[in-house]
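Dear colleague,

I am passing a structure on to you with this message. Please look through it first; my notes on what was found follow directly below.

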Amino acid sequence: MKSNKKPGNTRVQKYSNDYHKRNHILAWIISIVAVLAVGALAYFGYVYFKTKNAFDQTYDSKTKVSIKKGEFNGKKKFAVLLMGTDTGALNRTEKRGRTDTIILAIVNPQKKRYSLISIPRDTMAQMVNPSSSSSSSSSDSSSNKLTVEKINAAYSIGGAKMAMATVSKLINVPVKYYVVINMGGIMKMISYVGGINIRPKLSFEYSGYVFKKDQLTHMGGAGALAYSRMRYDDPQGDYGRQARQRQVIVALIKKTISVGSLTNLDSILTSFSGNVKTNLTFSALQLIALNYRACAKIVKSDYLHGVGVYIDGASYQVPPTYELQRISDYCRSELGLAKETISNNETYQNKKNIKNGFKFNSTKTQDYTIYDDYTEEGDN
């Protein structure tokens, strides 16, 4: 008796055909996955080398410091001095301008937060030469000469090393790392992340931009720069400007770490070249980005308060000794360091001026004298 089944239609043959069909589909899927995987690896490889190349151009080998193993393991606290120079935009072409923005950023993983402590640009400070010390004899006597300037001059006089040493001496906090960015870099970076959203702290108009208090405003690079630069129409003067600068920095940090900003990665990285300098290595920046991401959610803001004075006819801000102590205590606590009684040129000058009639609680702008007999032990 002949079977009515056609060749190839037996159960075994059908299973065999289905098996080969499934294998083809599986092979096709595996091929697609493999291609996607290779593509992803190639992309991330490209991103890695593109990123590394961009940051390698920002690295300042002249201010390099040793980074211990585990220093950025996500558990240790650290501080970075953030500085903004008034170059790179608005037709300013100086290679090294004054740092109108000076902010000490402290990252505290135990409290999952970072702090931004502003130091007013006009703060009176001793310019500290990091290459000299009171204990070492120097053939160049000028290196140990007392030089008092507005603190924003430290970077223009002696670069990042002097800026870090000057801030460190002023508030008695170790400062090892720094990042400096110019106005042009800030404008480009904000533009490349698609702008930032900010609720202005007050209503004003500056450089053609209009800002309304508490009204959520989308700002591009130029708009954000205008918002953070206005000074004279702010009732709080430079202190109000510092608060707005911190607003811009916080908004930029939040936008930069968002996934959406990766679409403009090339442009963002390009903005670093020529506009940013730091002594943090690429590997250190990688570890910070990887291990301290949770700290970016909470921010505390503060600033060093000062009193307006005249020194040789020029306007300065002089922080009272108790205010220097307050900021020092907070910063040292955030870094896990024991509090110390602050003693430096500024506390010495305060003591001498008070002895000669200066009053920090006066409502009038007073003259403040710089006494050049200060030494490291002069405040004892």
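Lys201 lies in the loop that joins strand 7 (196-198) to strand 8 (204-206); helices (H or I, at least four residues) and strands (E, at least two) are DSSP runs, numbered from the N terminus. With a relative accessibility of 43%, Lys201 counts as partly exposed; buried means under 20% relative accessible area, exposed over 50%, and partly exposed in between (1.4 Å probe, protein chains only). Its contacts, not counting residues up to four places away in sequence, are Lys213, Tyr227, Ala243 and Gln247, where contact means heavy atoms within 4.5 Å. Lys201 and Gly240 are 39 residues apart in sequence, and their C-alpha atoms are 8.6 Å apart in space.

Some notes on the source are needed here. The model is predicted, so local features need pLDDT of at least 70 and side-chain atom pairs count only at pLDDT 80 or more, while totals for chains, interfaces and linings use all residues. Residues are numbered from 1 along each chain as its sequence is written, and side-chain values use heavy atoms, with hydrogens and water left out.

Leaving aside residues up to four places away in sequence, Ile171 touches Leu104, Ile327, Ser328, Cys331 and Ile342.

Cys331 is buried at 0% relative accessibility, and Cys295 is buried at 5%. The count of disulfides (pairs of cysteine sulfur atoms within 2.5 Å) comes to zero.

Strand 3 (residues 113-118) deserves a separate paragraph. Six of its six residues are buried: Arg113, Ser115 and Ile117 on one side, and Tyr114, Leu116 and Ser118 on the other. Strand 3 pairs with strand 2 in the antiparallel sense over six bridges; two strands pair if DSSP finds at least two bridges between them. Within this pairing, Ile117 is the bridge partner of Leu104. Four residues lie between the strands of this hairpin, where Lys112 takes a positive phi near 50°. Strand 3 also runs parallel to strand 12 (residues 299-303), joined by five bridges, and Ser115 has Lys300 as its bridge partner there.

Finally, the charged pairs. The structure holds 14 salt bridges, each being a side-chain nitrogen of Lys or Arg within 4 Å of a carboxyl oxygen of Asp or Glu. One of them joins Glu334 and Lys111, with the closest N and O atoms 3.7 Å apart. Glu334 lies in helix 8 and Lys111 in the loop between strand 2 and strand 3, so this pair ties together parts that are 223 residues apart in sequence. Glu334 is buried at 2% relative accessibility, whereas Lys111 is partly exposed at 45%. Another salt bridge links Asp122 and Arg121 (3.4 Å, N to O).

With kind regards
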